[in-house]
Amino acid sequence: MMLMLLLVLLLVLRGAARAAPRAAPISAKTLAQLLPGGSMRTADGRLWDAQEVSSRVQNFARGLLELKCGERVCFYLDTCPEWQIAAQACFATSITAVTVYATLGGDAVAQATHEGDITALITGR
């Protein structure tokens with residue numbers, strides 16, 4: 001869990017340090033190097049290898065192509081493998097990810113979307 005959070009922080013800082021045009025989604029080779037044991041376990045116990053994670057990131061990133069580079073997407077869900085996939089897709093398409101902790105409730109989402117100039121909201125079930 002800590003490794004994923006550090007990875008997210010590293011990618012955010014790296015993305016902020018450069019004005020990147022739309023980048024290619026993260027590759028399976030890179031994911032295999034970053035994922036503990038080369039795989040990611042979902043909340044329901046399924047195991048996704050680096051190739052599966054890369055494919056899901058690329059598919060999600062395709063859905064974000066309607067947004068403009070630098071637009072902001074609000075994440076309102078618990079940290080989970082799907083959160084990580086959505087975050088990687090945002091980073092790969094130069095979309096800014098804004099996290100609102102699900103435990104904060106609806107008022108926090110309203111404030112974040114109002115103050116953060118949010119274009120889209122990603123949430124779970």
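Arg46 is partly exposed, with a relative accessible area of 40%, on a scale where buried means under 20% relative accessible area, exposed over 50% and partly exposed in between (1.4 Å probe, protein chains only). The structure is a predicted model in which local features need pLDDT of at least 70 and side-chain atom pairs count only at pLDDT 80 or more, while totals for chains, interfaces and linings use all residues. Residues are numbered from 1 along each chain as its sequence is written, and side-chain values use heavy atoms, with hydrogens and water left out.

Arg46 forms a salt bridge with Asp44, with 2.9 Å between the closest N and O atoms; the term stands for a side-chain nitrogen of Lys or Arg within 4 Å of a carboxyl oxygen of Asp or Glu.

## The salt bridge in helix α3

The structure holds two salt bridges, and one of them joins Glu52 to Arg56, whose closest N and O atoms are 2.6 Å apart. Both residues belong to helix α3 (residues 50-64), where they are four residues apart, about one turn of the helix. Glu52 counts as partly exposed at 29% relative accessibility, and Arg56 likewise counts as partly exposed, at 30%.

## Chain layout and surface

The chain contains five helices and five strands, taken as DSSP runs (H or I of at least four residues for helices, E of at least two for strands) and numbered from the N terminus. Read from the N terminus on, the elements follow the order α-α-β-β-α-β-α-β-α-β.

Of the 125 residues in the chain, 38% are buried. The accessible surface of the chain comes to about 7,600 Å², and 57% of this area belongs to carbon and sulfur atoms, the areas being computed by the Shrake-Rupley method with a 1.4 Å probe. Among contacts (heavy atoms within 4.5 Å) in the chain between residues at least 6 apart in sequence, 72% join residues at least 24 apart.

Three strands form an open sheet in the order β4-β3-β5, with parallel pairing, where two strands pair if DSSP finds at least two bridges between them. The edge strands, β4 (96-99) and β5 (118-123), each pair on one side only, and the twist averages 30 degrees from one strand to the next. Strand β3 (residues 72-76) is joined to β5 by five bridges, the two strands running parallel, and in this pairing Arg72 stands opposite Ile118 in β5.

Helix α4 (residues 81-92) lies across β3, β4 and β5 and runs at about 175 degrees to β3; axes are lines fitted to C-alpha atoms, for helices over the stretch in contact, with angles from 0 to 180 degrees between N-to-C directions.

Pro81 has its place in helix α4 and counts as buried at 8% relative accessibility. Not counting residues up to four places away in sequence, Pro81 touches Met40, Arg41, Thr42, Ala43 and Trp48. Pro81 and Thr42 are 39 residues apart in sequence, yet their C-alpha atoms are 5.8 Å apart in space.

The structure also holds one aromatic pair. The ring centres of Phe75 and Trp83 are 5.4 Å apart and the planes stand at 65 degrees, so the pair is edge-to-face; rings of Phe, Tyr and Trp (its six-membered ring) pair if their centres lie within 6.5 Å, and planes under 30 degrees apart count as stacked, over 60 as edge-to-face and the rest as tilted. Phe75 and Trp83 are both buried.
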